[in-house]
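Thanks for coming. I will go through one model this morning, starting with its helices and then moving to strands, loops and the cavity.

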Amino acid sequence: MKVGILGGTFNPIHNAHLRIAEEVRDRFDLGRVMFVPAASPPHKPLAGELSFDVRYRMVQLAIADNPAFTISDVEGRRGGKSYSIDTLKGLHSAFPHDEFFFIVGSDSFLDIGSWREYAAIFNLCNIVVVERPGAAVAALDAALPVAIAHEFCYYEAEKRLAHRSGYSVYSIAGTLLDISSSDIRELARLGRSIRYLVPQSVEHYIKEQRIYNDAR
């Protein structure tokens, strides 16, 4: 089966996350998309130190009505810093017959040279780079770290980098929904509406649990 992997802090998960997952699922005919909440993001502190369990629950609520979407607690169970390479190795071992499509925003891909064991990631999965507002990738080959650029062939017409492992890096435009988790947290903190930014079930959960309120 072809499986998409979408990781993130999901603090909170919002409609842009869901739309990205759906567009990648449709574009690459994926059997399912697996959401992987981070336990402890390695590159920046988790805003508000919201627990893994709460963020996991919000993702569960957000994807409940889509049978093609699933969730994994692999990073919560592993503990420690949530490095993508560790997650991909674990999933590769657990599901050796699946072909993975690792979904990343263009802003993250432009910074991939700073990731732990980044060169090994290209040996484990395809990568789908989804354009994010303000982080356009003019050419995938130009965005690669110099140290590994020789491992790829670039097919401009397909917007695809073919890696020597047999996996590829793809670039898609997607729908540019400029929705920010930090903006949602601030709106919720102020008691303002977050309707249509997050699924209704997530909106209700945030309100009921007073997740981002100052009083929490």
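Let me begin with helix α8, where Ser-181, Ile-184, Arg-185, Leu-187 and Ala-188 are buried. Looking down the axis of α8, those buried residues fall within an arc of 165 degrees, so they line one face of the helix. The arc is taken from the directions that run from the helix axis to the C-beta atoms. Buried here means under 20% relative accessible area, exposed means over 50%, and partly exposed is in between, with a 1.4 Å probe and protein chains only. Helices are DSSP runs of H or I with at least four residues, strands are runs of E with at least two, and both are numbered from the N terminus.

Before going on, the provenance. This is a predicted model, in which local features need pLDDT of at least 70 and side-chain atom pairs count only at pLDDT 80 or more, while totals for chains, interfaces and linings use all residues. Residues are numbered from 1 along each chain as its sequence is written, and side-chain values use heavy atoms, with hydrogens and water left out.

Back to α8. What covers its buried residues? The cover includes α1 and α9. After α8 comes Gly-191, with a positive phi near 80 degrees.

Helix α9 runs over residues 200-209, and its buried residues include Val-202, Glu-203, Tyr-205 and Ile-206. Seen down the axis of α9, the buried residues fall within an arc of 165 degrees, so they line one face of that helix. On the face turned away from the buried side, α9 carries Lys-207 and Glu-208, which are exposed. The cover over the buried residues of α9 includes α2, residues 52-63, and α8, residues 181-189. Just after α9, Arg-210 takes a positive phi of about 50 degrees.

The loop between α8 and α9 holds Tyr-196. Although Tyr-196 is not a glycine, it has a positive phi of about 75 degrees. Is Tyr-196 buried or exposed? Tyr-196 is exposed, at a relative accessible area of 64%.

Next, the loop between β1 and α1. Phe-10 sits in this loop and has a positive phi of about 50 degrees, although it is not a glycine. Phe-10 counts as buried, at 1% relative accessibility. Pro-12 is in the loop between β1 and α1 as well, and a cis peptide bond joins Asn-11 to Pro-12, with omega at about 0 degrees. For background, most residues other than glycine have a negative phi, and most peptide bonds are trans.

Now the strands. Gly-8 belongs to strand β1, residues 2-8. Because its relative accessibility is 24%, Gly-8 counts as partly exposed. Leaving aside neighbours within four places in sequence, Gly-8 is in contact, meaning heavy atoms within 4.5 Å, with Val-36, Pro-37 and Ala-38. From Gly-8 to Pro-41 the distance is 8.1 Å, C-alpha to C-alpha, and they are 33 residues apart in sequence.

Strand β4, residues 99-105, contains Phe-100. Phe-100 counts as buried, with 1% relative accessibility. Not counting residues up to four places away in sequence, Phe-100 touches Val-3, Ile-5, Leu-91, His-92, Phe-95, Cys-125 and Asn-126.

Strands β6, residues 152-155, and β7, residues 160-163, pair in the antiparallel sense over four bridges; two strands pair if DSSP finds at least two bridges between them. Tyr-155 has Arg-160 in β7 as its bridge partner. Four residues lie between the strands of this hairpin, where Lys-159 takes a positive phi near 50 degrees. His-163 is in β7 and counts as buried, at 5% relative accessibility. Leaving aside neighbours within four places in sequence, the contacts of His-163 are Phe-122, Asn-123, Glu-151, Phe-152 and Ser-168.

Last, the cavity. How many cavities of 30 Å³ or more does the structure hold? It holds one. A cavity is a set of points on a 1 Å grid over the protein atoms alone where a 1.4 Å probe fits but cannot get out, and lining residues have an atom within 4 Å of a point. Grid points are joined across faces, edges and corners, and the volume is the space filled by probe spheres set on the points. The largest cavity has about 70 Å³ of space. Helix α1, residues 15-27, gives the largest share of its lining, three residues. Among the lining residues are Arg-19, Glu-131 and Arg-132.

Definitions and conventions: On a 1 Å grid over the protein atoms alone, a cavity is a set of points where a 1.4 Å probe fits but cannot get out, and a pocket is an open set with protein on both sides within 12 Å along at least five of seven lines; lining residues have an atom within 4 Å of a point.
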